[in-house]
Amino acid sequence: MLTPELIEAERPYLMRYALAQLRDKGAADEAVQETLLAALESATSFSGKSSVRTWLTSILRFKLIDTIRRERKVVLVESFEDEASDDEFADLFFAPDGHWREPVRAWGGPEATLIAREFWDVFERCSQAMPRRTAMAFVLRELQGMEIAEICKALEITATNCSVMLYRARMSLRECFEISWLGGAKA
Amino acid sequence: MMIKCKEASWLISASLDRPLTLAEQVRLSMHLLMCGNCKNFSQQMAQLRAIARQVGNGE
Ligand SMILES: [Zn+2]
């Protein structure tokens, strides 16, 4: 049974997640608030196939994209220096003991086919919640196969920044595919 | 020295962009021997790359 208490308990996690994407604390607060309300309203549609946290995070992602689209004043985090620290980012995926929060599944043939078919849809949605240069670094590296040195020059970043951006983009995208499948499985 | 999944995932990502140092290779492969989650993560990264490159080539 999904109780309001269980939903509310995820607020700090969601807040960290939202702050990692939006620079503005007020906007992050609002997105989290809307997510919790939406979750309460649709608590009966929670299938229990994913964890409460995964389910709430998938709602929050869409709220964040809405927020970014709706409010021009909310600036997508662009400069790496201002962004969430490595620890904050890692907290989204790893428990304090350094292990994965959620088990990592093997992707078999069906998943590989789905990724190929849904790549653009998922990437478009997912990359909107990424800092712009992070999304660009991913496109240059993975879609266009550019070397790191060329990417650094194109985006005016250091090799270290580039590695961090690619790491974050890969971690986020992988999660977006997982979420899109969980969502699809529910429908 | 034992590394955790957090560091392992970082090395797996880095290995897609540059050759790992010998020390990094040793630490990562020791971890992968014991950790199914990171083994799966490593395969997922390879799958994502293969598909992204296909998509990037307009296939
Ligand atoms: Zn591991």
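1. The residues that touch are F119(A), W120(A), F123(A) and S127(A) on the α6(A) side, facing A135(A), F138(A), V139(A) and L143(A) on the α7(A) side. Sort that contact by class and you get seven nonpolar residues, one polar and no charged ones. Keep in mind as you look around that this is a predicted model.

2. How do you describe a pair like this? Two packed helices are described by the angle between their axes and by the distance between those axes. Here, α7(A) spans residues 132-143, the angle is about 150°, and the axes lie 11 Å apart. Angles over 145 degrees count as roughly antiparallel, so α6(A) and α7(A) get that label: roughly antiparallel to each other.

3. Now follow α6(A) across to the other chain. The crossing of α6(A) and α3(B) is right-handed.

4. Which residues of α6(A) and α3(B) make the contact? From α6(A) come A112(A), I115(A), A116(A), F119(A) and W120(A), while α3(B) supplies Q47(B), L48(B), I51(B), A52(B) and V55(B). By class, this contact has nine nonpolar residues, one polar and no charged. Have a look at F119(A) and W120(A) in the viewer: they are listed in the contact with α3(B), and they also turn up in the contact with α7(A).

5. Stepping back to chain A as a whole, you'll find nine helices and zero strands. Reading from the N terminus, the elements go α-α-α-α-α-α-α-α-α. Chain A has 187 residues, and 51% of them count as buried. Take the contacts in chain A between residues at least 6 apart in sequence: 71% of these join residues at least 24 apart.

6. One last thing about chain B. An unreviewed UniProt entry annotates residues 5-38 of chain B as "domain: Putative zinc-finger". In the model, that stretch of chain B is 79% helix and 0% strand. The C-alpha atoms at the ends of residues 5-38 sit 6 Å apart.

How values were computed:
Residues are numbered from 1 along each chain as its sequence is written. Chains are lettered from A and ligands numbered from 1 in the order in which they are written. This is a predicted model: local features need pLDDT of at least 70, side-chain atom pairs count only at pLDDT 80 or more; totals for chains, interfaces and linings use all residues. Side-chain values use heavy atoms; hydrogens and water are left out. A crossing is left-handed if the near helix is turned anticlockwise from the far one by less than a right angle, and right-handed if clockwise. Helices (H or I, at least four residues) and strands (E, at least two) are DSSP runs, numbered from the N terminus. Contact means heavy atoms within 4.5 Å. Ala, Val, Leu, Ile, Met, Phe, Trp, Tyr, Cys and Pro count as nonpolar, Asp, Glu, Lys and Arg as charged, and the others, Gly among them, as polar. UniProt positions are given in the numbering used here, feature names are shortened, and annotations may be inferred rather than shown by experiment. Buried means under 20% relative accessible area, exposed over 50%, partly exposed in between (1.4 Å probe, protein chains only). Axes are lines fitted to C-alpha atoms, for helices over the stretch in contact, and angles run from 0 to 180 degrees between N-to-C directions. Angles under 35 degrees count as roughly parallel, over 145 as roughly antiparallel, 65 to 115 as roughly perpendicular and the rest as oblique.
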